[in-house]
Amino acid sequence: MRRYGKHTDEDDVRVRPNRKGNRPRTNIRPKHEDAAEGFVLTIDRGRLTVLVEDRTITAMKARELGRKGVVVGDRVAVVGDLSGDKDTLARIVRVEERSSVLRRTADDDDPYERVVVANADQLAIVTALADPEPRPRLIDRCLVAAFDAGLEPLLVLTKSDLAPAEEMLKTYEPLGVPFVVTSRDELADGDAAADRVRERLTDRITVFVGHSGVGKTTLVNALVPDHQRATGRVNAVTGRGRHTTTSALALPLPDTKGWVIDTPGVRSFGLHHVDPARVINAFPDLEPGTEGCPRACSHDEPDCALDQWVADGHAEPARLYSLRRLLATRERREGD
């Protein structure tokens with residue numbers, strides 16, 4: 001075996017060649033300080049459509065992001081070809097800090113979270129008053145997810161020409177959730193219904209969520225006429241809608257700074273990720289009453305201090321009932 005002394009020449013040192021012919025790996029990553037700011041509009045099979053200034057580009061996630069996911073609504077840093085020309089591809093090298101994240105799980109016993117959208121500030125829960133029949137449990141679950149994510153909820157009731165809205169509104173009145181009622185005739189004949197909804201969306205990023213067939217995409221098409229998405233009909237046998245929207249899509253509202261994000265219809269909204277203790281934050285009139293609750297109180301047990309708080313006149317009984325109804329959805333499936 002060849003041995004080297006203390007005084008070796010460079011020519012005597014054996015250098016192992018790099019068989020791959022590439023540069024050695026390094027932990028130093030580029031900072032991409034010259035990256036452009038972008039807003040993710042939609043995702044399709046690993047390709048992301050990103051709004052950069054006044055043009056849309058196609059991009060892919062850079063390898064350096066690793067497992068970090070990118071979702072619709074994300075604000076990202078983009079490098080590469082930003083011309084937006086056909087067959088060009090840019091790279092997303094950084095995902096900026098999110099102001100909010102709307103999540104759901106497939107079921108209550110499914111630990112895998114699915115991020116619906118990022119950076120929204122309002123959740124429009126769209127439900128039909130008939131055809132298909134309304135599902136209050138699904139509405140409750142969406143409300144819990146909105147409160148947990150820090151989004152302001154908006155209840156949008158469609159197809160009021162088929163059934164009255166009074167009973168549904170009475171159910172959610174104690175929660176103080178703002179609402180808009182629309183009919184199919186209004187959406188077909190003019191802009192009256194769309195204008196009422198648009199007033200609630202101005203200067204906001206609003207994500208639309210609802211069961212298939214409730215008219216969610218029809219409403220989005222009325223709000224953004226230049227981007228018509230496919231719509232479907234409710235199955236006469238099953239009473240269920242058909243999935244026509246297959247991916248989330250962010251669309252700018254005309255003549256306003258607002259955005260609407262249309263999402264595929266959901267048939268379940270699991271809440272495995274939600275900490276029930278955070279739901280109380282959406283009830284500021286009840287929250288002070290929890291100071292006397294025992295540790296890990298579920299707020300629906302004999303020793304709960306909220307009963308005495310309401311009995312002393314600090315809050316309305318209907319508010320406590322609504323809180324407990326929402327908390328109960330965490331332990332109950334939509335169809336129960």
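Me: What do the side chains of R325 and D140 form where they meet?

Reply: They form a salt bridge, at 3.1 Å from N to O. R325 sits in helix α8 (residues 317–329) and D140 in helix α1 (residues 136–149), so this pair ties together parts that are 185 residues apart in sequence. A salt bridge here means a side-chain nitrogen of Lys or Arg within 4 Å of a carboxyl oxygen of Asp or Glu.

Me: Ok, and what kind of model am I looking at?

Reply: It's a predicted model: local features need pLDDT of at least 70, side-chain atom pairs count only at pLDDT 80 or more, and totals for chains, interfaces and linings use all residues. Residues are numbered from 1 along each chain as its sequence is written, and side-chain values use heavy atoms, with hydrogens and water left out.

Me: Back to that pair. Are R325 and D140 buried or exposed?

Reply: R325 is buried at 9% relative accessibility, and D140 is buried at 0%. The cut-offs are under 20% relative accessible area for buried, over 50% for exposed, and partly exposed in between, using a 1.4 Å probe and protein chains only.

Me: How do the axes of α1 and α8 cross?

Reply: They come within 9 Å and cross at roughly 95 degrees. That's why α1 and α8 count as roughly perpendicular to each other. The axes are lines fitted to C-alpha atoms, for helices over the stretch in contact, and angles run from 0 to 180 degrees between N-to-C directions. Under 35 degrees is roughly parallel, over 145 roughly antiparallel, 65 to 115 roughly perpendicular, and the rest oblique.

Me: Which residues meet there?

Reply: From α1 you've got R137, D140, R141, L143, V144 and F147, and they meet R325, L326 and T329 of α8. Contact means heavy atoms within 4.5 Å.

Me: Which residue does R278 meet in a salt bridge?

Reply: R278 pairs with D148, at 2.6 Å from N to O. This pair links distant parts of the chain, with R278 in helix α6 (residues 276–279) and D148 in helix α1, 130 residues apart. D148 is buried at 17%, while R278 is partly exposed at 34%.

Me: How many salt bridges does the whole structure have?

Reply: A search finds 17. One of them joins E53 and R55, at 3.2 Å from N to O. E53 is exposed at 66%, whereas R55 is partly exposed at 27%. E53, D54 and R55 are linked in a network of salt bridges.

Me: New topic: how many helices and strands are there?

Reply: The protein chain has 8 helices and 13 strands. Those are DSSP runs numbered from the N terminus: H or I with at least four residues for helices, E with at least two for strands.

Me: And how do α4 and α5 cross?

Reply: The axes of α4 (residues 192–201) and α5 (residues 216–223) come within 10 Å and cross at roughly 85 degrees. α4 and α5 are therefore roughly perpendicular to each other. A194, V197, R198 and L201 of α4 make the contact with L219, A222 and L223 of α5.

Me: Why is α5 largely enclosed by the rest of the structure?

Reply: Because 7 of its 8 residues are buried. Those include L219, A222 and L223.

Me: Let's do D81. Where is it found?

Reply: D81 is in the loop between β4 (75–80) and β5 (90–95), and it's partly exposed at 33%. Its side chain makes a polar contact of 2.7 Å with that of S83. A polar contact is a pair of N or O atoms within 3.5 Å; within protein, one must be able to donate a hydrogen and the other to accept it, and residues adjacent in sequence count only if both atoms are side-chain atoms.

Me: What does D81 touch beyond four places in sequence?

Reply: T88, L89 and A90. T88 belongs to the loop between β4 and β5 and is buried at 17%. The T88 side chain also reaches the backbone oxygen of D85 at 2.5 Å. Leaving out residues up to four places away, T88 touches T58, D81 and S83.

Me: Last one: how much of the chain is buried?

Reply: Of the 336 residues, 45% count as buried.
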